[in-house]
Amino acid sequence: MTNTLDRIRASLVGLRMPCALEALDHTMRQLERGEIGALEAIDALLAEEHATRETRRIGVALKTARLTPPKTLESFDFTFQPSLDRGRILALAQLDFVARAEVVHFLGPPGTGKSHLATALGVAAVKAGRRVYRATLAELIEALGRAEREGRLIEKIRFLGRSSLLIVDEIGYLPITPGGANLFFQLVNARYEKAAMILTSNRGFAEWGEVFGDPVVATALLDRLLHHAVVVQIEGASTAFAPTPISSLSTRARTPPSPRRRRQNDAAGRRKTELPMPDPS
């Protein structure tokens, strides 16, 4: 038994399975006590290693995708956005739109949760093993413009085209640099019907000619971005200005002043009114 355990430990070290190695002694004690069978012991060791590796993989993938800090649908307050169909959003989290290479649009005023939802769907895709990349429109156009100046535009578009899901955030927030609309069109055209996208914007589609500074290019963009698309319109107030629950307010702020404090305040007020006014000259 001892020689067998030594060989198992050596194998786990050689296979670089430190978590399984750490769990080996505990699993063996369970096996000896008859709490688990041989197959369950093997399953426990492999599950321990797999869970650790999966957690590590997800962490690295989220950083590479630029989805940190991560957000989830569980942390999204659907009660504050009654215009949203929760069932529809949860259906998107099944990621069928990624498999169909569709485009999801989140449209609405600033602060209504568009970026949160887009990031949450990106996190779900990463956990499902999909390759994801997120950037604002301004960041994408800057990167594409730099690549064009350096003669690497095709290479950059190919790199961005490898992601199963590309999230383009904040369309309409910042002005587009000259030539930026054409660069973005080339990226969209390269991904058209090949890979999925999520776009967030505070501007309606009718305003995209103004957003991109070129109505012709904007029309061509929308032709591709709306062909296989899911449009989610969010109507509501900004989550940044959600009312503070009364229970969370300071007790002192809601407690009336004592009679002694009122007398002190009144006296202070009288002294203030009796101060001489400054000479305007």
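1. The structure holds one cavity of 30 Å³ or more, and the space in this largest cavity is about 70 Å³. A cavity is a set of points, on a 1 Å grid over the protein atoms alone, where a 1.4 Å probe fits but cannot get out, and lining residues have an atom within 4 Å of a point. Grid points are joined across faces, edges and corners, and a volume is the space filled by probe spheres set on the points. The model is predicted: local features need pLDDT of at least 70, side-chain atom pairs count only at pLDDT 80 or more, and totals for chains, interfaces and linings use all residues. Residues are numbered from 1 along each chain as its sequence is written, and side-chain values use heavy atoms, with hydrogens and water left out.

2. The lining of the largest cavity consists of Ala101, Val103, Val188, Arg191, Tyr192, Glu193, Ala195, Met197, Arg224, Leu225 and His228. Helix 9 (180–191) and helix 11 (215–225) are the elements that give two or more residues to this lining. By class, seven of the lining residues are nonpolar, one is polar and three are charged. Here Ala, Val, Leu, Ile, Met, Phe, Trp, Tyr, Cys and Pro count as nonpolar, Asp, Glu, Lys and Arg as charged, and the others, Gly among them, as polar.

3. Glutamate 193, one of the cavity-lining residues, sits in the loop between helix 9 and strand 4. Its phi is positive, near 60°, in a residue other than glycine. Glutamate 193 counts as partly exposed because its relative accessibility is 45%; buried means under 20% relative accessible area, exposed over 50%, and partly exposed in between (1.4 Å probe, protein chains only).

4. The largest pocket holds about 190 Å³ of space. A pocket is an open set of grid points with protein on both sides within 12 Å along at least five of seven lines. Its lining has 13 residues, of which Ile8, Leu24, Ala41, Ile42 and Leu45 lie nearest the centre. Helix 1 (2–14), helix 2 (18–32) and helix 3 are the elements that give two or more residues to this lining. The lining divides into 12 nonpolar residues, one polar and no charged.

5. As to overall architecture, the protein has 13 helices and five strands. Helices (H or I, at least four residues) and strands (E, at least two) are DSSP runs, numbered from the N terminus. Of the 281 residues, 36% count as buried. Among contacts between residues at least 6 apart in sequence, 80% join residues at least 24 apart, where contact means heavy atoms within 4.5 Å.

6. The largest nonpolar core has 31 residues, and Ile89, Leu92, Phe97, Phe106 and Ile198 have the most contacts inside it. Such a core is a set of buried Ala, Val, Leu, Ile, Met, Phe, Trp, Tyr and Cys residues joined through side-chain atoms within 4.5 Å. The elements that each supply at least two of its residues include helix 4 (86–92), strand 1 (103–107) and helix 6 (114–127). Helix 6 gives the largest share, seven residues. Another core, of 29 residues, lies apart from it and has Val103, Tyr133, Phe184 and Val211 among its members.

7. Glycine 129, with a positive phi near 90°, follows helix 6.

8. Arginine 66, in the loop between helix 3 and helix 4, has a positive phi of about 65° although it is not a glycine. Most residues other than glycine have a negative phi, and most peptide bonds are trans. Arginine 66 is partly exposed, with a relative accessible area of 31%.

9. Glutamate 148 lies in helix 7 (residues 137–149). Not counting residues up to four places away in sequence, glutamate 148 touches Leu153 and Leu183. Glutamate 148 and leucine 183 are 35 residues apart in sequence, with 8.8 Å between their C-alpha atoms.
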